[in-house]
Each structure stands twice: as C-alpha cells, then as structure tokens.
Amino acid sequence: MREAARPSVDVVLPCLDERGALPWVLSRIPAGYRAIVVDNGSSDGSAELGRELGAVVIRERRRGFGAAAHAGLVAATADYVAFCDCDGSLDPARLPALLAPVLAGTADLVLGGRRPRRGSWPIHARIANAVLAWRLRRLTGEAVSDLGPMRAGRRAELLSLGLEDRRSGYPLEMFLKASLRRWRIIEIPVDYSPRTGRSKVSGTVRGTLTAVRDMAAQLTAVSGQFRSGPAPAPSGPLAGRTADDERSGGTSWT
Ligand SMILES: Nc1nc2c(ncn2[C@@H]2O[C@H](COP(=O)(O)OP(=O)(O)O)[C@@H](O)[C@H]2O)c(=O)[nH]1
Ligand SMILES: [Mg+2]
C-alpha cells in the first residue's frame with residue numbers, strides 16, 4: 001500500500017489528443033511506477049479515458065510539449081521521474097532499463113536513443129535529428145546519437161535545472177543544462193515505432209518549423225557557455241524545487 005501512496009517512479013506522459021494510444025501506453029507502465037498523464041487541452045476525451053484507466057491526470061492549459069512535460073515534472077512526487085511520449089511510439093516497459101543507471105547512482109540523466117522502425121519517422125525528421133545529434137556531440141562532447149523524449153532522472157535535480165522553454169525546446173534545454181552542470185549523461189537504445197494517431201510535431205510542417213526554431217534558440221542561448229567552458233557542478237545539496245514550482249500558471253489537478 002505504501003507504494004501506491006508514494007511511487008518509486010513517476011512517469012510523465014504529455015498528452016494532446018492521444019485517445020487511441022492511451023490504453024496501450026498505460027498498459028505498459030511498469031509495476032510500482034505511477035503514470036501522470038498531462039492533458040494539454042485534448043478534445044478527444046483523453047483526460048477522461050486516462051482517469052478511467054487508472055492514471056493520475058492533470059491539466060495544463062498552456063499549449064506546448066514543454067508546458068505539458070514541465071507540468072508533469074512539477075506535479076510528480078516520486079524521487080525519480082521518467083518522461084515518455086503518449087503516442088505509442090515508445091514502450092514504457094523499457095523505462096526500468098533507463099532508470100537502472102540512475103538508481104545505481106552511475107548516471108544523472110538517461111536518454112532513450114531512438115532506433116526507428118520502418119515507417120516511424122518521416123525522412124526530414126530523420127535527417128534533422130542526425131544533424132542535431134552531430135551538432136550536440138561537437139558542442140558538448142556528450143556521446144548522444146539522438147535527442148529523444150524518453151528519459152529518466154532524479155526529480156529534485158531535474159527541477160533544479162530551472163528549465164524555461166515550454167514548447168519544443170524543452171528536451172534540448174534539459175540536455176544542454178545537464179551537460180553544462182557536468183551531469184553524467186548516458187544513452188540507452190529504445191525502439192521507436194510508428195505512432196498511433198496524428199503527429200503534432202515532426203509529422204506537420206508547422207510543428208517541424210516550431211521545433212527547429214525552438215531548438216535553434218536553445219543552442220544560441222547556451223553555446224557561448226560551452227565555448228567558455230562548462231559551468232562548475234553545483235555544490236552542496238541540490239536546490240530542489242524551483243520558483244517555477246507553484247502549480248499555478250494554467251496547471252490544475254483533476
Ligand atoms: N507537439 C505537442 N505535443 C504535445 C503537446 N501537448 C502534449 N503533447 C504530447 O507530446 C508528445 C509528442 O508529440 P508528437 O505529436 O508525438 O510529436 P512527434 O513525435 O515529433 O510527432 C505526444 O505524446 C503528444 O500528445 C503540445 O502542445 N504539442
Ligand atoms: Mg511522437
């Protein structure tokens with residue numbers, strides 16, 4: 001019973017009209033983990049379905065992947081937090097493999113490096129992703145092949161990064177700030193399957209342009225800091241929750 005009150009791992013699932021994928025995604029959440037579906041204004045009944053299927057559902061009114069992901073991080077209470085898309089492209093059953101190095105204390109941030117199956121990625125997304133990963137390797141020295149949305153870390157440390165992007169730059173900002181703080185970042189391969197339902201980012205021109213713009217802004221903002229050397233690792237106990245924590249600003253529990 002204690003485990004239900006305080007899960008070991010909270011899984012943040014940003015969700016915008018993912019009714020078709022939710023049953024499979026939630027059925028794949030590992031035992032002892034808690035699913036937090038962050039409904040980002042769905043009009044297809046995702047929030048109600050998520051609740052029916054036993055997930056914690058919170059609402060985030062501000063649109064944007066980062067707004068949804070961050071609202072989930074702020075709502076989480078477990079010591080460990082994982083992120084996973086809610087579209088059926090990534091299997092939550094893989095999460096314990098990502099958590100293992102964090103739990104063992106050998107990594108601070110674990111990224112799921114996507115290994116695309118046939119049909120899971122339009123060609124422009126595949127190319128853009130490879131170019132981005134190459135730039136990130138050069139800039140940061142981290143051995144990453146992909147900047148995927150599936151990841152795991154410690155809640156207090158993730159909050160202490162003070163992430164500000166609320167759209168498509170959120171995963172990149174997390175990676176860059178973690179690298180600047182000299183976090184131990186590792187990548188673990190994860191299968192990437194064709195999503196269920198309609199894509200909101202890489203499958204649309206508007207979503208792709210927004211993602212490119214958001215990521216370019218993140219790179220511009222921090223690349224100077226990498227050139228002048230990584231920031232020293234924070235000393236003393238990590239700050240824990242940030243000023244961004246208050247659950248206002250559009251997030252509400254349902
Ligand atoms: N793009 C986008 N995705 C959102 C938003 N809110 C929640 N999401 C979820 O974020 C995840 C990633 O979006 P997705 O459309 O799969 O992006 P793609 O994988 O690049 O095609 C999905 O689970 C979406 O439902 C939002 O405002 N914008
Ligand atoms: Mg997707």
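User: Where is Asp165 found in this predicted model?

Analyst: Asp165 is found in the loop between helix α7, residues 155–160, and helix α8.

User: Which residues does Asp165 touch?

Analyst: Leaving aside residues up to four places away in sequence, Asp165 touches Gly66, Tyr170, Glu173, Asp214 and Gln218.

User: What share of the contacts in the protein chain links residues 24 or more positions apart?

Analyst: Among contacts with a separation of 6 or more, 78% are between residues 24 or more positions apart. The protein chain has 254 residues, and 42% of them count as buried. Its secondary structure comes to 9 helices and 8 strands.

User: How do I read the nonpolar core, and which residues touch the most other members?

Analyst: In soluble globular proteins, nonpolar side chains tend to be buried together. Here the largest nonpolar core holds 66 residues, and Val11, Val12, Leu13, Ile36 and Ala82 touch the most other members. Helix α4, residues 65–75, gives the largest share of this core, with 7 residues.

User: Take Val12. What does Val12 touch?

Analyst: Beyond residues up to four places away in sequence, Val12 touches Ile36, Val38, Ala69, Gly72, Leu73, Ala76, Val81 and Phe83.

User: Ala82 was also listed. What is its bridge partner in β6?

Analyst: Ala82 has Ala152 as its bridge partner in β6. The strands concerned are β4, residues 80–83, and β6, residues 151–154; they run antiparallel and are joined by 4 bridges. Strand β5, residues 109–116, also runs antiparallel to β6, with 3 bridges between them. There, Leu109 stands opposite Gly153 of β6.

User: How many residues surround ligand 1, and which are the closest?

Analyst: Ligand 1 is surrounded by 19 residues, the closest being Asn40, Ser199, Lys200, Val201 and Ser202. By kind, the shell divides into 7 nonpolar, 6 polar and 6 charged residues. Strand β1, residues 9–15, and helix α4 each supply at least two residues of that shell.

User: What is there to note about the phi of Asp17?

Analyst: Most residues other than glycine have a negative phi. Asp17 is not a glycine, yet its phi is positive, about 55°. Asp17 sits in the loop between β1 and α2, residues 22–27. With 19 other C-beta atoms within 10 Å, Asp17 is partly exposed.

User: And Arg182: what is its phi, and where does it lie?

Analyst: Arg182, also not a glycine, has a positive phi of about 60°. Its place is in the loop between α8, residues 170–180, and β7, residues 185–192. Arg182 has 13 other C-beta atoms within 10 Å and is therefore partly exposed.

Terms used: Residues are numbered from 1 along each chain as its sequence is written. Chains are lettered from A and ligands numbered from 1 in the order in which they are written. This is a predicted model: local features need pLDDT of at least 70, side-chain atom pairs count only at pLDDT 80 or more; totals for chains, interfaces and linings use all residues. A nonpolar core is a set of buried Ala, Val, Leu, Ile, Met, Phe, Trp, Tyr and Cys residues joined through C-beta atoms within 7 Å. A residue is buried if 20 or more other C-beta atoms lie within 10 Å of its own, exposed if 12 or fewer, and partly exposed in between; C-beta atoms are placed from the backbone. Two residues are in contact if their C-beta atoms, placed from the backbone, lie within 7 Å. A residue is near a molecule or strand if its C-beta atom, placed from the backbone, lies within 6 Å of it. Ala, Val, Leu, Ile, Met, Phe, Trp, Tyr, Cys and Pro count as nonpolar, Asp, Glu, Lys and Arg as charged, and the others, Gly among them, as polar. Two strands pair if DSSP finds at least two bridges between them.
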